[in-house]
Structures are given as C-alpha cells and as structure tokens.
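Please open the structure in a viewer and keep the selection panel at hand. The stops below are arranged so that each selection leads to the next.

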Amino acid sequence: MDRRDGMRAADADREAVAERLRNALSEGRLDLAEFDERLQRAYAAKTYGDLDGLLDDLPPVTAAGRSQLAPVATGGLPAELTPGPDGRYPGATRRWLVNEWDGYGAAVGITIAIWAVTCVMTQDLLYFWPGWVAGPWGAVLLVTTVLGLMKGEPQRCAAKQARRHLAKQEKAERKRLEHESGGADGPAPGQG
C-alpha cells in the first residue's frame, strides 16, 4: 500500500471527490444508484485510498474547451439543481438558509402579532413574552446554521434535491415506457 493511500483524508478532499462524482453523474458516466452509493462512500471515507477507489474508473476532468466530447444535457434539471462548471450548485446556500429560517420568521411574526393585538385590546403595554420564543429558538438556529455552513450542508442538500429530481424523472420515464409497451402487447387479459 502506498504511504499516501493510508493517510487520513480531510473534509475538503471528500468534498472534491463528491464534486467529481456529481460531474460524472451530469456527464452520464454514472447512473443515479451508483452515484448515490459512491457519494455515501465518499463522505464515509477515512483515507486517500478510500477516496481514490471511487474515481478509478472515471476519466480525468477535461476543460470544456479542450474536451473532444460534446457536453451532455442535464436531463431537464432546473437551473438551481444543475451543478456549475466547478461542480457546485449555484444559489444553494441562499436556498438552504431560506429553508432553515423560514419557519422561525413565521412563528416569531405570529407571536409578535398576538402580543400586539393583546396589548391593543388591553390598552396596556404588556411584558414582551415573544422574546422567549424568538431568543432561544434563534440561538439554536444560529448555531446549527453556522455548523451547517462549515460542513458544506447547502451543497449536500442541493445534491440530494438533484438526486430526488432525477429519480422522479427516471420513475416517470419507466412508467411511460411500461405504459407504452403494455399497450403494444395486444389486448389486455380477458379482452381477447
């Protein structure tokens, strides 16, 4: 075993392999099931040797201008679920932050509205109890947001959404093909 193969891999190394796997998926070199299995192995890898084994059968990345092959279409993925040239999903951080914080904003807004209506109805400035909802919840969300950003959670969530979208497309295509082939086999049982 090569000395490098036994060395511990860093999060950045695992993320680089994950990006290469995303590119291989978008190029059509991996199917969705194989991509998912390799991606899970990439995030679980402890050494460089574990990571190298995931890319052994994939060609090296070639700049688009130097490639001999035509770029492959992404299969109808929406723009926000299509990785860019660097393998990262554009706008993933913004979408992830909105998703993480949207429930908080709604809940705090509702509690403040209830407090305000109660103050108006009693014609008295009451104790600001919505702070007990906003403060602790906001602190927990802030910590989980910072940790999620440090661990690359927005890109992982975007990749997961893209996999789900592709799986739905594949399922719909299989259904369509089954439906078409079922109609071409002749009459249904009991009708002949």
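The model is predicted, and the values quoted are computed from it.

**Stop 1**

A search of the whole structure finds 10 salt bridges. Begin by selecting Arg20 and Glu27, whose side chains meet in a salt bridge at 3.8 Å, N to O. Arg20 counts as buried, at 9% relative accessibility, whereas Glu27 is partly exposed, with a relative accessible area of 32%.

**Stop 1: helix 2 and its partners**

Select Arg163 and Asp36 next; a salt bridge of 3.3 Å, N to O, joins their side chains. Arg163 lies in helix 6 (residues 153-184) and Asp36 in helix 2 (residues 32-44), so this pair ties together parts that are 127 residues apart in sequence. Is Arg163 buried or exposed? Its relative accessibility is 16%, and Arg163 therefore counts as buried, the cut-off being under 20%. Asp36, at 26%, counts as partly exposed.

Remain in helix 2 and select Glu37 and Arg41. Their side chains meet in a salt bridge at 2.9 Å, N to O. Both residues lie in helix 2, 4 residues apart, about one turn of the helix. Glu37 is partly exposed at 37% relative accessibility, and Arg41 is partly exposed with a relative accessible area of 42%.

Then display Tyr43 with Arg156. Arg156 lies over the face of the Tyr43 ring, at 5.0 Å from the ring centre.

**Stop 2: the aromatic cluster**

The structure holds 3 aromatic pairs. Select Trp101 and Tyr104, which form an edge-to-face pair with 5.3 Å centre to centre and 85° between the planes. Both lie in helix 4, 3 residues apart, about one turn of the helix. Trp101 counts as partly exposed, at 27% relative accessibility, while Tyr104 counts as buried, at 16%.

Viewed together, Trp101, Tyr104 and Trp137 form one aromatic cluster.

**Stop 3: along helix 5**

Select residues 131-150 to show helix 5. This helix has 20 residues and reaches 28 Å from its first C-alpha to its last, close to the 28 Å expected at 1.5 Å a residue. Colour its buried residues, which are Ala134, Gly138, Leu141, Thr145 and Gly148. Past the end of the helix, select Gly152, which follows helix 5 and has a positive phi, near 80°.

**Stop 4: the nonpolar patch**

Finally, switch to a surface view and select Ile110, Ile114, Tyr127, Trp129 and Trp132. These residues make a nonpolar surface patch of about 610 Å². Where does Trp129 lie? Trp129 is placed in the loop between helix 4 (92-122) and helix 5 (131-150). Trp129 is partly exposed, with a relative accessible area of 33%.

Methods
Residues numbered from 1 in each chain as written. Predicted model: local features only at pLDDT ≥ 70, side-chain atom pairs only at ≥ 80, totals over all residues. Heavy atoms only, no water. Patch = residues over 30% accessible without salt bridge, like charges linked within 9 Å, V, L, I, M, F, W, Y side chains within 5 Å. Areas by Shrake-Rupley, 256 points an atom, 1.4 Å probe, with all protein chains shown as cover. Salt bridge = Lys/Arg side-chain N within 4 Å of Asp/Glu carboxyl O. Helix = DSSP H or I, 4+ residues; strand = E, 2+ residues; numbered from the N terminus. Buried < 20%, exposed > 50% of the residue type's maximum accessible area, 1.4 Å probe, protein only. Expected span 1.5 Å × (residues − 1). Phe/Tyr/Trp six-rings, centres within 6.5 Å; stacked < 30°, edge-to-face > 60°. Lys NZ or Arg CZ within 6 Å of the ring centre and 35° of its normal.
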